[in-house]
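The paragraphs below go through three of them.

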Amino acid sequence: MRILVTGGAGFIGSHLVRRLLADPRHQVVNLDALRYSGNLENLADVAGHPRYTFVHGDICDAATVEQVLKEQGIEAVVNAAAETHVDRSILDPHSFAKTDVVGTAVLLEASRKAKVERYLQVSTDEVYGSVETGMSTEEDPLIPRSPYAASKAGGDLLVRSYWTTYRFPVLITRGSNTYGPHQYPEKFIPLCVTNAIDDQPLPIYGDGRYRRDWLSVHDHCSAIEHVLLNGRPGTVYNVGGGNERENIAVAEMILEQLGKPTSLIRFVEDRPGHDRRYAVDCSRLRALGWAPTVPFEEGLRATVDWYRTHEGWWRKIKSGEFRAYYERMYGKRLREGVTG
Ligand code: DAU
């Protein structure tokens, strides 16, 4: 299949591109705008691969998208392009609405017109909102609470509407918190790991007892591929790792692995509107034949080791634009602290 992966230079996208290339039946085209978290270094190992093509462009740009679909003879699309960080969406909600809603609308319509055979939207478990108890099923209402989650929900609903209205063969995956190598260090796990390596404080929002279900990027990408190849058109699939942990417990595991003291933990002012917990029921995807394979302890260990052995990758990021972001997001918080 000739597959277009958008956002293929990002964290999940780059793992997905590599995974799809491992199957000799696939040709992969990567369309990426290369904004702050898109990084072609993530794909340096496959840059010259005979079945791989990179195109620099934005999913919001209809002319570019239409041209790629046509010229590359694309048969399937995986939309992994997104603005993804909740904290940034609180600072700049507009760019999230643009990429995650408008960008999805542009890509979806161009894909429909190009008669693409399968369109998969990489969505998120955050569209369900905070789940205090129990698990979200795919039929639950979407009650997103951050500008990021609301933008993703907008894209997700647009995609679903294309099945209802046009019978355009869409698929949606709603994945949980993903972790692994090459994740931009604004996210909780890489932020904690890289700060700990440098003996810098680990900023823990609120009481640190917020819960997330951690999913290895390898399992997330195997789920996306499985749904792309086997999913029923018009269907949503939850993807979770089955590894629910409190944030504070994750921070402690990281410190322990790096041999760093728990005194690096710093409770700071909470994220506004912070969702307490996400949890997804994945029985639909399991019935389709997928299951996660990476135990959290193992996946986290491998991830910490990767950051330990790839300092060049993240130091370059942390010394650039990231510094201003970090100061804006954490400077005052870390100076003031709170009691956890
Ligand atoms: O659930 C899937 C979602 O997971 C994805 O759709 C999002 O793109 C992804 O960013 C992630 O959202 P979260 O907000 O859960 O991830 P984040 O890594 O920002 O935070 C994880 C938890 O850690 C959350 O409860 C907030 C907390 N946290 C985060 C940061 C960055 C802290 O306590 N301190 C921090 O400095």
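Arginine 88 is buried, at a relative accessible area of 10% (buried means under 20%, exposed over 50%, partly exposed in between, with a 1.4 Å probe and protein chains only). Its salt-bridge partner is glutamate 186, with 2.6 Å between the closest N and O atoms; a salt bridge here is a side-chain nitrogen of Lys or Arg within 4 Å of a carboxyl oxygen of Asp or Glu. The pair links distant parts of the chain, 98 residues apart: arginine 88 in helix 3 (residues 86-91) and glutamate 186 in the loop between strand 7 (177-179) and helix 6 (188-197). Helices (H or I, at least four residues) and strands (E, at least two) are DSSP runs, numbered from the N terminus. Glutamate 186 is also buried, at 2% relative accessibility.

The model is predicted: local features need pLDDT of at least 70 and side-chain atom pairs count only at pLDDT 80 or more, while totals for chains, interfaces and linings use all residues. Residues are numbered from 1 along each chain as its sequence is written, and side-chain values use heavy atoms, leaving out hydrogens and water.

The structure holds 25 salt bridges. In one of them, arginine 174 meets aspartate 156, the closest N and O atoms lying 2.8 Å apart. Arginine 174 belongs to strand 6 (residues 170-175) and aspartate 156 to helix 5 (residues 147-166), so the bridge ties together parts 18 residues apart in sequence. Arginine 174 is buried at 0% relative accessibility, and aspartate 156 is buried at 0% as well.

Arginine 209 and glutamate 246 form a salt bridge at 3.1 Å, N to O. Arginine 209 is partly exposed at 47%, whereas glutamate 246 is buried at 17%. Salt bridges with shared partners join Arg209, Arg211, Glu244, Glu246 and Arg277 into one network.
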